There are 4 protein chains.
Amino acid sequence: MVRFGLFGCGRIGRMHADTIAAHPRAELRMVYDVVPAAAEAVAGRHGCVAATEVDQLLESGEVDAVLIASSTDTHVDLITRSAKAGKAILCEKPIDLDIARVDACRDEIAPHKPILQLGFNRRFDPSFKAVQAGLAQGEIGKLELLVITSRDPGPPPAAYIKVSGGLFRDMMIHDFDLARFMLGEDPVAVSAMASVLVEPEIGRLGDVDSAMVTMKAASGALVHINCSRRAVYGYDQRLEAFGERGMLQVDNRRATTVRRYAADGTDTRDSLLDFFIERYAEAYTAELDAFIDAIEKGTPVPVGFEDGRRALILADAALQALKTGTTIDLKWE
Amino acid sequence: MVRFGLFGCGRIGRMHADTIAAHPRAELRMVYDVVPAAAEAVAGRHGCVAATEVDQLLESGEVDAVLIASSTDTHVDLITRSAKAGKAILCEKPIDLDIARVDACRDEIAPHKPILQLGFNRRFDPSFKAVQAGLAQGEIGKLELLVITSRDPGPPPAAYIKVSGGLFRDMMIHDFDLARFMLGEDPVAVSAMASVLVEPEIGRLGDVDSAMVTMKAASGALVHINCSRRAVYGYDQRLEAFGERGMLQVDNRRATTVRRYAADGTDTRDSLLDFFIERYAEAYTAELDAFIDAIEKGTPVPVGFEDGRRALILADAALQALKTGTTIDLKWE
Amino acid sequence: MVRFGLFGCGRIGRMHADTIAAHPRAELRMVYDVVPAAAEAVAGRHGCVAATEVDQLLESGEVDAVLIASSTDTHVDLITRSAKAGKAILCEKPIDLDIARVDACRDEIAPHKPILQLGFNRRFDPSFKAVQAGLAQGEIGKLELLVITSRDPGPPPAAYIKVSGGLFRDMMIHDFDLARFMLGEDPVAVSAMASVLVEPEIGRLGDVDSAMVTMKAASGALVHINCSRRAVYGYDQRLEAFGERGMLQVDNRRATTVRRYAADGTDTRDSLLDFFIERYAEAYTAELDAFIDAIEKGTPVPVGFEDGRRALILADAALQALKTGTTIDLKWE
Amino acid sequence: MVRFGLFGCGRIGRMHADTIAAHPRAELRMVYDVVPAAAEAVAGRHGCVAATEVDQLLESGEVDAVLIASSTDTHVDLITRSAKAGKAILCEKPIDLDIARVDACRDEIAPHKPILQLGFNRRFDPSFKAVQAGLAQGEIGKLELLVITSRDPGPPPAAYIKVSGGLFRDMMIHDFDLARFMLGEDPVAVSAMASVLVEPEIGRLGDVDSAMVTMKAASGALVHINCSRRAVYGYDQRLEAFGERGMLQVDNRRATTVRRYAADGTDTRDSLLDFFIERYAEAYTAELDAFIDAIEKGTPVPVGFEDGRRALILADAALQALKTGTTIDLKWE
């Protein structure tokens with residue numbers, strides 16, 4: 001039984017609290033939020049303690065592991081302090097928006113060798129996992145083309161856009177990680193095009209809302225990612241892996257399997273599951289499973305600090321490619 | 001090159017005229033219809049002769065084979081005269097609505113040993129053929145359950161209902177033949193339920209418009225057929241063959257492969273192809289191919305007089321089952 | 001918070017124990033099984049008491065509601081005693097295999113007016129519910145044809161067949177209830193055909209393993225149900241509701257949305273979810289929700305004693321139809 | 001009735017000969033090929049004249065229109081001579097591999113104002129046409145993302161690669177035209193990445209066999225195209241148009257609608273139709289229809305010389321983008 005402390009009691013924090021509470025090998029012992037009332041609400045719901053300070057949680061002796069679901073700008077500080085306190089760490093993506101801070105964090109926590117897992121939920125989705133397993137087992141031979149579709153149901157509020165780091169670092173970062181997961185190697189070249197088509201305010205804030213990125217791996221495999229901040233038909237999360245002996249596709253999920261036939265159309269299915277909390281419900285549980293296994297059984301975490309760092313490097317490269325109109329070449333040490 | 005004479009220049013006759021004209025091994029030489037203007041129109045379109053009498057066509061020496069697409073009540077007479085005239089015969093279903101007349105026809109033409117193929121178009125549809133081939137090759141092992149869906153886009157006019165022989169003999173007769181084609185054996189028991197749900201006038205004429213039939217073969221295989229005279233989403237023609245090692249399904253055909261996603265539904269496809277002339281366009285050409293092969297190469301016709309006779313016996317049994325509320329047992333000599 | 005006692009700690013009992021334990025408004029307080037070790041295992045897993053007698057559970061004062069998941073032959077006794085003890089009752093289907101015992105039970109519990117819900121899981125499945133809601137809202141107008149497919153992944157052991165009441169009372173009873181749920185009325189005529197195709201031992205025990213039933217409602221709507229005790233591709237649970245303005249279909253569920261393309265076939269999906277515990281996982285939770293609502297909020301139970309009784313009457317009618325080869329007419333008081 | 005002369009009696013020429021012969025408003029009168037035996041074979045099959053020289057065909061007075069299906073390097077010469085001879089011209093894509101020659105041809109034929117249609121078959125495919133019509137009617141509002149998948153079943157022989165102009169000018173040129181068709185405007189920026197993954201010989205000849213291109217239109221709409229010279233599961237031709245109010249997809253075509261269920265997978269469909277002659281059979285007929293309409297009714301050709309020229313400019317830009325690793329900006333006069 002792993003005893004958890006939770007940092008961050010917003011929407012995603014509350015979802016993680018529920019997932020921990022429902023997990024047979026986990027207990028939620030303490031929660032913290034900069035807004036005390038938010039922490040108290042979660043503590044009340046799950047019968048645990050609302051810490052009033054970060055250190056109260058880290059020093060209580062009641063907690064084996066922390067789940068960091070607070071705002072991005074607090075991640076590096078909480079990771080560092082938790083690592084120093086000897087806690088196992090499950091941190092929501094991204095590590096940070098600034099690669100220099102990420103690198104510094106990496107160096108600072110290195111001596112503590114924390115069990116640190118990053119919350120790239122797609123890696124734990126049964127469908128994406130099955131495709132990755134198929135690729136790893138050579139089901140379609142050499143991977144040649146990878147096409148990732150990633151569209152949110154609707155744009156976030158302007159306040160979020162301002163602190164999000166932009167589409168590439170906030171949203172497409174999931175797809176950069178997913179591409180690395182499928183490729184089994186790192187892209188070595190990145191190009192990008194983007195537009196403001198959905199919400200002019202996003203453009204005024206210096207960001208884009210529609211984007212296409214192309215990447216190439218050392219093996220020659222080519223990757224396409226397209227993102228939009230708005231899909232009226234729901235949260236659109238697909239992938240297509242094409243190789244020398246076939247193709248594997250991940251389709252979207254829907255609440256039911258109903259198909260409707262009417263005079264003006266046939267085979268109509270539900271809108272797509274909306275949004276990440278519904279779409280990746282199973283993934284969040286599997287993510288927690290893997291983290292608890294890492295703590296209890298010593299298995300390696302399936303996605304770690306370096307994965308978060310590399311996804312950010314790809315996002316930064318895409319942004320640079322977009323600004324310069326050139327392909328950015330990457331060297332990985 | 002096979003020289004054809006055509007009896008019947010209505011809707012289905014005109015379709016057959018086009019199919020013959022477009023076929024590389026067929027020529028349309030002469031056409032006949034009780035309405036001379038109808039015959040002349042087809043003759044004009046295809047540059048051939050409009051016969052003014054049946055015998056003109058049969059005795060001209062210009063014709064190797066006849067295609068009978070006239071009204072059902074003329075089939076037995078035209079089959080008999082064509083057989084006596086030594087013509088190869090491709091006759092639209094059904095042979096007749098009266099099994100006694102069918103049996104008499106069988107006996108009368110027997111000495112002439114005509115090449116006689118019956119127009120059960122479903123046997124020539126690429127999808128139904130592929131499923132039958134899969135069954136014959138043991139793809140799903142022993143066939144256990146067969147489910148046939150057969151729904152017309154809309155009810156025929158009352159005038160047609162009056163002479164059609166009713167839903168079982170006119171419409172479901174295709175499905176009785178399809179069941180025999182898939183089973184590779186004859187049903188030995190038939191039960192039926194039916195309703196008037198679509199068009200009250202059909203009920204006033206003594207017929208039904210919605211029906212379900214169950215049959216059992218000597219092997220124990222069970223068959224379900226359901227028919228409706230109206231499907232607002234198009235001509236619905238499906239089949240599902242279930243067996244010890246799997247299942248084979250035939251889905252409907254649509255004009256395009258487009259899928260539509262909108263705020264209120266996803267994956268919406270076109271209405272179904274409507275009606276038989278569109279749905280079975282490929283089948284009509286394949287049917288003609290097989291008939292020409294029988295004439296030119298001596299291959300057996302894939303569906304013959306006895307198939308038409310047995311389908312009618314099944315339709316009659318279903319009608320009797322409906323009237324008596326009992327399962328009708330059949331013995332085949 | 002509703003405090004539960006559980007009767008029966010076999011496979012389905014253990015599943016219900018997990019569902020109760022995970023439910024935010026339910027607590028599992030006491031469990032009973034004729035095999036004490038089975039009760040102790042579940043009690044140990046969920047930290048509750050293993051009762052050694054039925055009355056210990058009913059008289060403890062620790063339990064507001066009972067969930068009956070013991071063998072079918074104990075249902076009537078446990079329902080009766082629980083009703084007399086003033087407990088709310090959630091009972092797995094069927095009530096009993098003998099309609100006389102069911103009727104007697106109905107009369108005996110009537111004075112106690114228990115909250116009694118029956119475990120017809122399909123009514124709580126999101127897809128079946130959505131179709132029923134669509135029908136109730138007139139989405140396809142008048143319901144005309146209903147086709148239900150219901151195939152288990154593999155046959156049960158002979159020991160189970162002996163006490164199951166046979167395919168119609170044990171397996172197809174779900175489909176009789178599902179038909180009533182969709183029709184919104186009772187069938188008034190039933191016919192049946194069946195075979196032993198899967199497992200000869202089933203035949204030696206006097207049962208069938210493959211069956212087709214047809215029913216007709218007073219409205220004229222026609223219903224087809226087909227069952228098999230074995231589908232190699234997984235647990236096959238589908239439904240098609242056809243009406244004057246369209247059609248609604250429920251397709252199967254799979255573990256992932258992956259589609260595979262290879263040289264010998266395209267669009268290949270996973271096997272179907274296998275078996276009812278996986279397929280109806282969401283339904284079991286929704287079933288419990290509705291039951292707790294009935295207790296806490298006084299809402300009517302969505303499926304009650306009379307529904308269980310009528311499903312059994314239909315199963316008995318199907319069996320009689322099969323034996324006599326006639327359509328059985330039903331009168332409902 | 002339009003009288004046709006055909007230049008080129010190879011695989012695609014023979015297909016066009018069949019299409020012309022089967023068309024009710026067309027007649028094949030004369031054919032020419034640099035290999036006289038090829039011309040004679042086609043002439044024999046269709047009962048027409050095999051010309052021994054180009055001018056024999058152009059000067060015969062027997063021909064109203066020419067269909068140019070000879071090798072790419074002959075197109076400009078044949079277009080020019082046919083235009084001067086006053087013939088209507090239906091020319092297979094591409095016009096030429098050299099934009100300078102294309103421009104010169106344009107200027108030379110301008111005074112003759114020929115009816116000239118280019119053979120971009122995708123524009124005539126029922127599914128692509130339906131999506132373009134949907135876009136034009138605003139079905140999904142403003143078009144924002146366009147994703148085109150274009151994969152051949154297998155690589156062409158080395159001899160063809162040498163004269164093809166490379167993947168971008170030979171194969172992806174269809175997709176450049178398709179993008180323009182869907183966008184309703186011209187791309188203004190092009191980037192590309194590519195690899196040799198399928199066939200090393202293709203790399204030795206200086207070409208690539210796997211490629212991804214991104215384009216941007218003045219409206220901000222983004223386009224992705226991916227091509228491979230080999231898809232083991234058949235000829236893969238798909239499109240996805242995403243916009244502010246929804247999405248339209250074109251899926252592939254298969255020979256049947258059969259779905260297969262077995263112990264190791266469900267819903268398996270046929271391989272894709274292979275190759276362009278099968279996949280675009282309907283399109284070739286519709287293409288001929290439109291051309292004949294242009295001749296007989298004076299309707300505008302749906303795809304003309306300038307469309308071919310612009311597709312080539314895009315292919316050249318993609319090649320330049322690939323070589324320089326930069327986004328190429330395009331200005332259209």
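Me: How many salt bridges does the rule count over all chains?
Reply: Good place to start! This is a predicted model, where local features need pLDDT of at least 70 and side-chain atom pairs count only at pLDDT 80 or more, while totals for chains, interfaces and linings use all residues. Residues are numbered from 1 along each chain as its sequence is written, chains are lettered from A and ligands numbered from 1 in the order in which they are written, and side-chain values use heavy atoms, leaving out hydrogens and water. A salt bridge is a side-chain nitrogen of Lys or Arg within 4 Å of a carboxyl oxygen of Asp or Glu, and over all chains the count is 159.

Me: Which residue forms a salt bridge with R309(A)?
Reply: Side chains of opposite charge can pair when their charged atoms come close. For R309(A), the closest N and O atoms of the pair are 2.7 Å apart, and the partner is D103(A).

Me: How many residues apart are R309(A) and D103(A)?
Reply: R309(A) lies in helix α13 of chain A and D103(A) in helix α5 (residues 99–109) of that chain; helices here are DSSP runs (H or I, at least four residues) and strands too (E, at least two), numbered from the N terminus. The pair links distant parts of the chain, and the separation is 206 residues.

Me: What area do chain D and chain A bury between them?
Reply: Buried area is the accessible area (1.4 Å probe) that two parts lose on being put together, summed over both. Of the area buried here, 62% is on carbon and sulfur atoms, and the total is about 3300 Å².

Me: Which residue of chain A meets R151(D) in a salt bridge?
Reply: The rule finds six salt bridges across the interface of chain D and chain A. In the one made by R151(D), N and O are 2.8 Å apart, and the partner is E240(A).

Me: Which strands are at the edges of the nine-strand sheet?
Reply: Two strands pair if DSSP finds at least two bridges between them. The nine strands form an open sheet with mixed pairing, in the order β15(A)-β8(A)-β9(A)-β10(A)-β7(A)-β11(A)-β12(A)-β13(C)-β14(C). Each edge strand pairs on one side only, and the two are β15 (328–329) of chain A and β14 (265–268) of chain C.

Me: Which residue in β15(A) stands opposite V190(A)?
Reply: Strand β8 (residues 187–195) of chain A pairs with β15(A) in the antiparallel sense over two bridges. Opposite V190(A) stands I328(A).
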